[in-house]
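Come and read along with me.

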Amino acid sequence: MAESLFPVFDVPDTLAEELEEDEKYAPAPMWDVEKGDFVMDGAKKTLYGSGYDAWVLWCTKTIMTQRWAHDGYSSNAGIEADEAFSEPDREAQESAFERTITEALLADPMGRTTQVTDFEFTWEADSLWIECIVTGDDGNTADIKAKLNT
């Protein structure tokens with residue numbers, strides 16, 4: 001048979017086809033929350049973390065994102081931090097944070113999050129540290145800690 005004028009190659013499997021049956025979450029690029037940039041190796045190649053790491057990062061970034069503040073995100077992304085900070089006292093603020101964070105994390109578009117519990121708040125002069133335990137649909141838990149500027 002004559003050689004084809006156009007190159008022929010095999011189509012690679014999709015990421016979903018490559019996932020193992022027991023792997024619930026897809027791997028994703030690693031992100032340095034403090035630097036606000038992808039984690040790269042010495043050759044400037046983006047490093048990938050496990051699917052679990054990607055889920056933990058998604059939870060952390062969701063808590064650190066103000067809802068409706070970024071056109072690139074859907075209206076379900078982020079929390080209503082400005083509204084929570086505007087509550088009259090710390091008890092009401094913490095209650096509002098628990099509500100908005102729980103709603104945001106349970107709205108995970110991939111359906112990975114099933115429960116958000118054990119909130120702890122640490123107030124500093126110009127910021128608020130929020131810590132909570134998040135449970136995934138496979139039973140895995142993660143200790144999520146995020147800092148919000150007041």
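**Entry 1: the chain**

I started at the N terminus, from which the elements run α-β-β-β-β-α-α-α-β-β-β. That makes four helices and seven strands in the protein chain. I took helices (H or I, at least four residues) and strands (E, at least two) from DSSP runs, numbered from the N terminus.

I reminded myself that this is a predicted model, in which local features need pLDDT of at least 70 and side-chain atom pairs count only at pLDDT 80 or more, while totals for chains, interfaces and linings use all residues. Residues are numbered from 1 along each chain as its sequence is written, and side-chain values use heavy atoms, with hydrogens and water left out.

I then looked up burial: 29% of the 150 residues of the protein chain count as buried. Buried means under 20% relative accessible area, exposed means over 50%, and partly exposed is in between (1.4 Å probe, protein chains only).

**Entry 2: the largest pocket**

Rolling a probe the size of a water molecule over the atoms shows where empty space is left. A pocket here is an open set of points on a 1 Å grid over the protein atoms alone, where a 1.4 Å probe fits, with protein on both sides within 12 Å along at least five of seven lines; lining residues have an atom within 4 Å of a point. Points are joined across faces, edges and corners, and the volume is the space filled by probe spheres set on them.

I noted about 470 Å³ of space in the largest pocket. Its lining has 21 residues, and Trp58, Lys61, Thr62, Tyr73 and Arg112 are the closest to the centre. Strand 1 (28-29) and helix 2 (51-64) each supply at least two lining residues, and helix 2 gives the most, with five. By class I wrote down 14 nonpolar, five polar and two charged residues. For these classes, Ala, Val, Leu, Ile, Met, Phe, Trp, Tyr, Cys and Pro are nonpolar, Asp, Glu, Lys and Arg are charged, and the others, Gly among them, are polar.

**Entry 3: the second largest pocket**

Which element gives the most to the lining of the second largest pocket? I found helix 2 again, with six residues. The volume of this pocket is about 310 Å³. Of its 18 lining residues, Trp31, Val33, Glu34, Leu57 and Thr60 lie nearest the centre.

**Entry 4: rings and charges**

I found five aromatic pairs in the structure. Rings of Phe, Tyr and Trp (its six-membered ring) pair if their centres lie within 6.5 Å; planes under 30 degrees apart are stacked, over 60 edge-to-face, and the rest tilted. Phe85 and Phe97 are edge-to-face, 4.9 Å centre to centre with 75° between the planes. Phe85 belongs to helix 3 (residues 81-85) and Phe97 to helix 4 (residues 90-106). Phe85 is buried at 18% relative accessibility, and Phe97 is buried at 0%. Ring pairs join Phe85, Phe97 and Trp123 into a cluster.

Next I looked for charges over rings (NZ of Lys or CZ of Arg within 6 Å of the ring centre and within 35 degrees of the ring normal). The charged end of Lys61 sits over the ring of Trp31, 4.3 Å from its centre. Lys145 lies over the face of Trp129, at 5.2 Å from the ring centre.

**Entry 5: Thr100**

Is Thr100 buried or exposed? Thr100 is in helix 4 and counts as buried because its relative accessible area is 2%. Its side chain reaches the backbone nitrogen of Glu80 at 2.9 Å.

Note on methods
A polar contact is a pair of N or O atoms within 3.5 Å; within protein, one must be able to donate a hydrogen and the other to accept it, and residues adjacent in sequence count only if both atoms are side-chain atoms.
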